[in-house]
Amino acid sequence: MITILVFSLIGLGMLFALLRLVIGPTIADRVVSLDTFNIIVIGLIVMLSFLFKRSLYLDIAIIYGILAFLETIVFARYLEGHYGHH
Amino acid sequence: MDIISSIFLVIGGLFYALGGLGVFRMPDTFDRIQAGTKATTLGAFSLLLGALIAFPSWGLKLVLIAIFIMLSNPIGSSALAKATYRAFGGPKNLEQDDLNEFLGGKEYVD
């Protein structure tokens, strides 16, 4: 019963982040919402490993976190180089 | 012990939902960076603490994920804020812009 509540709250957060990803006015808003979405997905993977009682799924969360950090940094550098015309 | 773990899990899910809501509702890009990063950091820590209380033998991996989030999330948000400032200018209704003076007094508004 607790897991259903926690999964619903995580899904609510993912839904709001995805809405901002769709309607974001500038590309910076989209990158910010994608960053938030990635952190929420790490929590979702931890919650899935809690539900199935498998500690193996935590490795996926670690790798996903590393890739999400890389993605944020690459998008930030892209924004700075492509739009920063000063 | 099960009840304490459940409380931490619910707090983590609640802060995840609040972080998503902040990203959706905030009016400015910098406000969105603020809400989306800090609230989800606390949510992730609380969720990992709840899982650690329920399964103490998973300690090494959970602490590794927590340390990695602790290191990567502020660096990512700071890089994003700097890139947003350089690309689209600072916040619009700002009385004093110290970063603009620090960068040489150029006009960073598109």
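How many residues does helix 1 of chain B have, and how far does it reach from its first C-alpha to its last? Keep that in mind as we walk through this predicted model.

**Stop 1: chain B as a whole.** Of its 110 residues, 37% count as buried. Among contacts in chain B with a separation of 6 or more, 52% are between residues 24 or more positions apart.

**Stop 2: helix 1 of chain B.** Now select residues 2–25 of chain B, which form helix 1. Here is the reply to the opening question: helix 1 of chain B has 24 residues and reaches 34 Å, close to the 34 Å expected at 1.5 Å a residue. Next, color its buried residues; among them are B:Leu9, B:Leu14, B:Phe15, B:Tyr16, B:Val23 and B:Phe24. Several glycines are buried in this helix too, including B:Gly12, B:Gly13, B:Gly19, B:Gly20 and B:Gly22. What covers these residues? Show helix 2 of chain B, and then bring in helix 1 (2–23) and helix 2 of chain A; the cover includes these three helices.

**Stop 3: the side of chain B that touches chain A.** With both chains on screen, select the residues of chain B that are in contact with chain A: there are 43 of them, facing 42 residues of chain A. Helix 1, helix 2 and helix 3 (59–88) of chain B each supply at least two residues of this side. Which helix gives the largest share? Helix 3 of chain B does, with 16 residues. Color this side of chain B by class and you get 26 nonpolar, 13 polar and 4 charged residues.

**Stop 4: the two copies of helix 2.** Finally, select residues 27–52 of chain A and residues 29–54 of chain B, which are helix 2 in each chain. These helices pack at an angle of about 10°, with their axes 10 Å apart. That angle is under 35 degrees, which makes helix 2 of chain A roughly parallel to helix 2 of chain B. Show the side chains where helix 2 of chain A meets helix 2 of chain B: this contact has 14 nonpolar, 7 polar and 3 charged residues.

Technical notes. Residues numbered from 1 in each chain as written. Chains lettered and ligands numbered in written order. Predicted model: local features only at pLDDT ≥ 70, side-chain atom pairs only at ≥ 80, totals over all residues. Axes fitted to C-alpha atoms, helices over the stretch in contact; angles between N-to-C directions. Helix = DSSP H or I, 4+ residues; strand = E, 2+ residues; numbered from the N terminus. Parallel < 35°, antiparallel > 145°, perpendicular 65-115°, else oblique. Nonpolar A, V, L, I, M, F, W, Y, C, P; charged D, E, K, R; others polar. Contact = placed C-beta atoms within 7 Å. Expected span 1.5 Å × (residues − 1). Buried ≥ 20, exposed ≤ 12 C-beta atoms within 10 Å, placed from the backbone.
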